[in-house]
Amino acid sequence: MTKTNALRQLDAAGLSYEIREYDFDDDHPTGLHAEELSDDMRERMFKTLVTRGEKRGVLVFVIPVSEELDLKKCAAAALAVLTSLSITLPAVDAKSKPSSMMRQVQTESYDTGGTLIFSDSPEYVKDNGILYQDVVDGSARILYYHLNDSKDDKKLAVIVENVSGQFNVLNITRGAAAKPSSKFLNVGKAVLTSYMKNAFHTSLTFNPNERKLLRDNMHDLIVKPGHLAYGLYDFNVDHPVRITVLMYPANSDPFIYSLGAQILPKDEQRLRGTFQGMTRVIRVKGRYNPDSDGIKYMLLSDGINDQYKTGIDATDGSTVTNFGNYGVDYRIELETRDKTQFYLSPLGGVYAGAMRSNHKGHSKLILTPRGRTYFGDETPVEPENVKEAREEGLALLTSYTELADLGTFNGKVTFDYSPPAASNLPVHIILMPAEN
């Protein structure tokens, strides 16, 4: 018989082999026909199939000749093999560290806490009017984020109205607002830094039907054209109150103006609504072992591994999605077996935020990043196949990855995180063995 290239390779390698021949039939050119003619070889006959996928590239599979390729099992097998390998890619330059494969940690999560009032639509406000309005009771949080897109000076107020018909007390337990500015990332980072820094306590008392500003100084802050107003407050109230977020002329009284104000239509993003469960608890399953687990990551605010919250726009009753989970306070709980280094890495673009770590009774504010307002501007845009692989549990830590140091911890640690307004999402929380 004429030697094939496969036989020539075996000869070149000095390997012994045995050739089994059968009568080829043009009407039955498949491996199944060969199997039928070789009963004694049936269990040892295989076929080689080559696939090409958008996410994994070229993959080669060897299966019994009588079986068919199960594409779902192939994808799972390929991911299992790739994540079990210790892969080192070439460094980008001589000073770079080699790229490393990361695997996603397994987590469980649930939402708890009170009601989130989210007002971010229209984000660019051209007219005066009510930006959002709803009634809340018990524990709540409000996030407002609006830019003056007109040519005139404006003011933004959060009006609280006691609608319970009885004496009422509202306690603000945590929160912050920054001076309006055209430097959006600075505003976003300033608010989240103050929000994460310290809890505080102030109370408002209400007679039936009485109205007050959530913070007295709101009426003193001018929102100039092109400037952003952003605030984030946690509070609890004994009885129901109506919350109204209002943009109004700088020379007007907010209480008088609100009486005749119309509700402004939302923009295309529709980022406003009322959401139940304002705190998300994420727990990492098992204990992370830096000696055996390698580098791992957690995805936050991606809408797939970390689902976006859905709620109701109280101004029209429609269902809305909080793309990014802005205003949600995350409590990330995990435990390590040994010293572990933690980082935050932005994936969607520029990012400016703050977090808090809690470890062995010590709480620490963490700026993300430290030493500059923002980062993420030097991270290349992810190709779609890289994004999809990351969402499925496989990612690369490269020399291009921008990292904010969250600290080194051993044992149980909790991180307090909230997506910063004006920043891009999602983000990675990365775990790796700590360097000695």
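Me: What makes the set of 47 residues a nonpolar core, and which members touch the most others?
Reply: In this predicted model, a nonpolar core is a set of buried residues of the nonpolar kinds joined through side-chain atoms within 4.5 Å, so the 47 residues count as one. Tyr230, Leu300, Leu344, Phe415 and Tyr417 touch the most other members of this largest core. Helix α4 (residues 184-197) gives the most to the core, with 5 residues. Apart from it lies another core, of 34 residues, including Leu170 and Ile243.

Me: Why is threonine 368 called buried?
Reply: Its relative accessible area is 0%. Buried means under 20%, so threonine 368 qualifies.

Me: What does threonine 368 touch beyond four places in sequence?
Reply: Its contacts include Lys189, Tyr351, Phe375 and Leu406.

Me: Why is β22 called an edge strand?
Reply: Threonine 368 lies in this strand, residues 362-368. The open sheet has 6 strands in the order β5-β15-β19-β25-β21-β22, with mixed pairing. Both β5 and β22 pair on one side only, and these are the edge strands.

Me: How do you know that β15 and β19 pair?
Reply: Pairing needs at least two bridges; β15 (residues 279-284) and β19 (residues 329-335) share 5 in the parallel sense, so they pair. Arginine 280 stands opposite tyrosine 330 in β19.

Me: Which strands does α4 touch where it packs on the sheet?
Reply: Helix α4 touches β19, β21, β22 and β25, and its direction makes about 20 degrees with that of β21.

How values were computed. Residues numbered from 1 in each chain as written. Predicted model: local features only at pLDDT ≥ 70, side-chain atom pairs only at ≥ 80, totals over all residues. Heavy atoms only, no water. Helix = DSSP H or I, 4+ residues; strand = E, 2+ residues; numbered from the N terminus. Buried < 20%, exposed > 50% of the residue type's maximum accessible area, 1.4 Å probe, protein only. Contact = heavy atoms within 4.5 Å. Axes fitted to C-alpha atoms, helices over the stretch in contact; angles between N-to-C directions.
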